[in-house]
Amino acid sequence: MLRLATIACAATAASGLVAPRLPAARHTTTARFAAATAEKADVQLVDCPYTQWGEPFDVRAAQAAKRGAQPEPFIHELAPPAGASKADELAWLTEHADDVNAKLSSHGTVYLKGWELVKDAEGFRSAYEALNLSPCRDPLDAVSARPMVDKGSAVYEAVNKESRANFFIGMHNEFVGTRAPRAAMFVCFKQADEGGEFMVADGRAIFRDLDTDLLGRLYDKQIRYSVMELPFFSFLDNLPDGLQPPAASAVKGLVSAAINAKVDFDVKMQWIDGDGGYDDARTLQARAPVQPPAVLHPKTGEPTWFCNVHSHSAKLRKSREKIYGEELFTDGASQINKSDMYYGDDSDLDEADLAHMDEVTKKHTTYLKMAPGDAVLVDNYQTMHGRNVFKGTRKHAVSWFE
């Protein structure tokens, strides 16, 4: 998101106003962004496919049908052939690629457990290539930069930073703007000393068990996310009263134009009141276009929950602070990455509704204590993923697929 912060400051300067000086932490994060971008300069990857929202459907009828059907299996655990070498494991995956992909479609999650082949990045790549999975560019490249495990690969580092160890990553599907990978494969190269479990949740089961009235309201009104907040405009408060409204309007328009010129989705900018997170600074919030909270799976046609409220809701994150003692907003990147979720008309979600969605999501979340040799292949449309808090050094990685 630091790229967008730079855009915001540039737009402010263009308005004739004096742009604020970024704190030292944000200079450091900008340097990390530049390094990560340079690292991937020679990597040739196609963009992830456009998100397949599909046609509108009757969510209430679809939920009733789902409740009357037999529950689907969720996680298919896959052990390597007994006594197999790395070459044998690779040959087995190549021979059984169609079967593995069929399990991915029917279950949503395939858990490769205890495979020597995936203990390093090169073997991990050969494993997904054997399964005929075509990698695509990290969706976050549109707005941020995620480091790669090794230069020239399609294997990206997961969220392993010690500065984010106390940050519980809620359950979510991977999509940014108009792009969403069809599938993803997560791998463990080193497990954390404590915690750090990779988490998966069945979107079909969440769709089935949500309160029908809430599901219907969310689908009818649609939802929208705030994807970042830019707390760089407190200098506007120092202007004479008569100049503040036109200056704020000019800044908002310039930042909106600059950001929309850089991303492949329309962003709506609006001022929000400071809430203490940024020393009550005047803040611009960017909200993504409206979208449905549930979709019909583009391949199977099954209804599934496709909504990142569990990870994006500011209220749910705040409630987790009491459990995990999260130290949010520890540097510039995490400040800018602050997100939230609203109805499509920009009204707030009720706290009781948020609590219910949190409860149902947690009910269907499975914690996987991955170890070196483990990899988890997920269907991004029907399987949500997240990460538990951890202690010690954690080295997990991920590749995204068309």
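Is the crossing of α3 and α8 left-handed or right-handed? In this predicted model, the crossing of these two helices is right-handed, and the legends below take up that view and several others.

**Figure 1. The protein chain as a whole, with its helices, strands and buried residues.** The predicted model has a protein chain whose secondary structure comes to 13 helices and 19 strands. Of the 402 residues in this chain, 54% are buried.

**Figure 2. Close-up of the crossing of helices α3 and α8.** Helix α3 spans residues 59-68 and helix α8 spans residues 212-221, and their axes come within 9 Å of each other while crossing at roughly 145 degrees. The crossing is right-handed. On the α3 side the contact is made by Val-59, Arg-60, Gln-63 and Arg-67, and on the α8 side by Thr-212, Leu-215, Gly-216, Arg-217, Tyr-219 and Asp-220. Sorted by class, the residues of this contact divide into 3 nonpolar, 3 polar and 4 charged.

**Figure 3. Close-up of the contact between helices α8 and α13.** The axes of α8 and of helix α13, which is made up of residues 351-363, come within 11 Å and cross at roughly 110 degrees. Because angles of 65 to 115 degrees count as roughly perpendicular, α8 is roughly perpendicular to α13. Leu-214, Arg-217 and Leu-218 of α8 make the contact with Asp-353, His-356 and Met-357 of α13, and by class this contact has 3 nonpolar, 1 polar and 2 charged residues.

**Figure 4. Close-up of the disulfide formed by Cys-48 and Cys-136.** The count of disulfides in the model comes to 1, and this bond joins Cys-48 and Cys-136, whose sulfur atoms are 2.3 Å apart. Cys-48 lies in the loop between α2 (24-39) and α3, whereas Cys-136 lies in strand β3 (residues 135-136), so the pair ties together parts that are 88 residues apart in sequence. The torsion about the S-S bond is about 75 degrees, and the disulfide is therefore right-handed. Both Cys-48 and Cys-136 are buried.

Note on methods
Residues are numbered from 1 along each chain as its sequence is written. This is a predicted model: local features need pLDDT of at least 70, side-chain atom pairs count only at pLDDT 80 or more; totals for chains, interfaces and linings use all residues. Side-chain values use heavy atoms; hydrogens and water are left out. Axes are lines fitted to C-alpha atoms, for helices over the stretch in contact, and angles run from 0 to 180 degrees between N-to-C directions. Helices (H or I, at least four residues) and strands (E, at least two) are DSSP runs, numbered from the N terminus. A crossing is left-handed if the near helix is turned anticlockwise from the far one by less than a right angle, and right-handed if clockwise. Contact means heavy atoms within 4.5 Å. Ala, Val, Leu, Ile, Met, Phe, Trp, Tyr, Cys and Pro count as nonpolar, Asp, Glu, Lys and Arg as charged, and the others, Gly among them, as polar. Angles under 35 degrees count as roughly parallel, over 145 as roughly antiparallel, 65 to 115 as roughly perpendicular and the rest as oblique. A disulfide is a pair of cysteine sulfur atoms within 2.5 Å. Buried means under 20% relative accessible area, exposed over 50%, partly exposed in between (1.4 Å probe, protein chains only).
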